[in-house]
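Q: I am new to this structure and would like to go through it step by step. Could we begin with a term that will be needed along the way?

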Amino acid sequence: MDNSTSESTFFLMGFSTVPELQILHALVFSGMYLAAILGNLLIITLTTWDPRLQTPMYFFLKNLSCLDPCLISVTVPKSITNSLLNCNTISFFGCVAQVFFLTLLATTEVSLLTVMSYDRYVAICHPLRYEILMSHQACVQMAASSWVSGVLNAILHTAATFSVPMCGALDIHQFFCDIPQLLSLSCSHNIAEFVVIGLSLVLDLGCFVFIDISYVHIFIAVLNMPSKEGRAKAFSTCLPHLMVVTLFLSSGFFAYLRPLPKSPSTFDLIVSVFYTVVPPTVNPLIYSLRNKDIKLALKRLKVTVVC
């Protein structure tokens with residue numbers, strides 16, 4: 001990074017230059033942002049307040065619900081402000097902050113989703129060893145490791161991305177500072193960041209494979225359960241998690257493995273929404289609508305508040 005780059009201003013591509021569509025974009029993003037904040041706060045409240053939800057699964061869900069509002073807050077408020085003010089600029093240090101926190105939170109989310117799949121695997125395939133393998137100390141260590149891995153990966157990506165000077169018009173064809181877009185602005189090939197991206201993709205793919213293998217064992221065990229009620233309960237806790245993992249990782253892989261188009265594309269903006277905005281918004285809905293324990297806890301909270 002040189003002084004000229006650090007004093008630069010980046011220009012973010014909006015979804016449209018038409019004022020009416022800019023307002024529509026701001027309204028849609030505002031609605032999704034509000035839903036994400038309120039939904040995740042509700043899950044945090046339920047998993048903290050209800051003694052029946054003091055289990056490893058809901059401990060990790062609480063971590064995920066603490067993470068998601070932060071993840072969506074990295075990109076969406078700035079995008080809403082830019083649309084309303086018709087000013088698509090972001091400072092250099094604002095861009096650095098977006099890259100750092102987006103990478104930190106996305107990496108932590110992948111790690112937490114992997115740990116949550118391991119929790120379900122142990123609970124269903126090795127129930128007699130569950131309390132030993134998923135003790136409170138073990139859960140805290142796994143959650144802490146997820147956050148530490150996010151911090152380390154964010155430091156590597158941010159340092160490598162901005163280690164090479166940027167040339168030409170600093171136009172980013174995204175609604176936030178996206179690493180692939182920033183690499184296209186580099187004056188020379190950023191070998192360091194390509195190496196970091198490669199390592200990250202290998203680790204993410206490893207997490208994805210681990211999750212898939214865990215769920216293969218889980219579904220085999222569930223299908224062999226004699227009780228229909230047991231099968232229904234197992235599916236109600238596992239299927240939402242699998243939906244979240246598939247949505248988050250598939251859109252992320254597509255965005256980073258697909259070559260950048262020569263011209264700006266609305267399709268790329270929509271794909272990025274699916275791994276930066278949609279997961280924090282739909283996670284509370286997926287977990288609450290498919291989870292009987294969350295529904296019952298919500299009913300008990302309503303009764304407590306009314307009484």
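Predicted model: local features only at pLDDT ≥ 70, side-chain atom pairs only at ≥ 80, totals over all residues.

Q: Is Asn86 buried or exposed, then?
A: Asn86 has a relative accessible area of 52%. The cut-off for exposed is over 50%, so Asn86 is exposed.

Q: Where is the place of Asn86?
A: Asn86 sits in the loop between helix 3 and strand 2 (89-91). Helix 3 is followed by this residue.

Q: What is the phi of Asn86?
A: Phi is near 55° there, a positive value in a residue other than glycine. For background, most residues other than glycine have a negative phi.

Q: How many residues does helix 3 have, and how far does it reach?
A: Helix 3 has 30 residues and reaches 44 Å from its first C-alpha to its last. That is close to the 44 Å expected at 1.5 Å a residue.

Q: Where does helix 3 bend?
A: The bend is at Ser73, by about 40°. A proline, Pro77, follows within four residues of that point.

Q: What about helix 8: which span should it have?
A: Helix 8 (residues 191-223) has 33 residues, so at 1.5 Å a residue it should span 48 Å. Its end C-alpha atoms are 48 Å apart, which agrees.

Q: Which residues of helix 8 are buried?
A: Among them are Glu193, Val196, Ile197, Ser200, Leu201 and Cys207. Ser214, Tyr215 and Val222 are also buried in helix 8.

Q: How far is Ser214 from Ala35?
A: Their C-alpha atoms are 31 Å apart in space, and the two residues are 179 apart in sequence. Ala35 lies in helix 2 and is partly exposed, with a relative accessible area of 36%.

Q: Now the core. Which residues touch the most other members of the largest nonpolar core?
A: Phe10 and Leu182 do, in a core of 78 residues. Helix 4 (residues 92-125) gives the most to this core, with 14 residues. In general, nonpolar side chains tend to be buried together in soluble globular proteins.

Q: What does Phe10 touch?
A: Leaving aside residues up to four places away in sequence, its contacts include Ile90, Phe92, Cys95, Met166, Leu170, Ile172, Leu182 and Leu185. Asn88, Thr89 and Ser91 are also touched by Phe10.

Q: Which cluster do ring pairs link Phe10 into?
A: Ring pairs join Phe10 with Phe92, Phe93 and Phe162 in a cluster.

Q: How many aromatic pairs does the structure hold?
A: The structure holds nine aromatic pairs. One of them is formed by Phe59 and Phe60, edge-to-face, at 5.4 Å centre to centre and with 65° between the planes. Phe59 counts as partly exposed at 24% relative accessibility, whereas Phe60 counts as buried at 0%. Phe100 and Phe101 also form an edge-to-face pair, 5.1 Å centre to centre with 85° between the planes. Phe100 is partly exposed, with a relative accessible area of 22%, and Phe101 is partly exposed, with 43%.

Q: Turning to charges, how many salt bridges does the count come to?
A: The count comes to two salt bridges. Side chains of opposite charge can pair when their charged atoms come close.

Q: Which side chain meets Arg300 in a salt bridge?
A: Arg300 meets the side chain of Asp50, at 2.8 Å from N to O. Arg300 lies in helix 12 (residues 292-306) and Asp50 in the loop between helix 2 (19-49) and helix 3 (56-85), so the pair ties together parts that are 250 residues apart in sequence. At 24% relative accessibility Arg300 counts as partly exposed, while Asp50, at 0%, counts as buried.

Q: And what forms a salt bridge with Arg120?
A: Asp119 does, with the closest N and O atoms 3.0 Å apart. Both Arg120 and Asp119 are buried.

Q: Lastly, where is His136 found?
A: His136 is found in helix 6 (residues 136-161). At 59% relative accessibility, His136 counts as exposed. Its C-alpha atom is separated by 20 Å from that of Leu67, a residue 69 places apart from His136 along the chain.

How values were computed: Residues numbered from 1 in each chain as written. Heavy atoms only, no water. Core = buried A, V, L, I, M, F, W, Y, C linked by side-chain atoms within 4.5 Å. Buried < 20%, exposed > 50% of the residue type's maximum accessible area, 1.4 Å probe, protein only. Helix = DSSP H or I, 4+ residues; strand = E, 2+ residues; numbered from the N terminus. Contact = heavy atoms within 4.5 Å. Salt bridge = Lys/Arg side-chain N within 4 Å of Asp/Glu carboxyl O. Expected span 1.5 Å × (residues − 1). Bend = angle between axes of the 7 residues up to and from the residue. Phe/Tyr/Trp six-rings, centres within 6.5 Å; stacked < 30°, edge-to-face > 60°.
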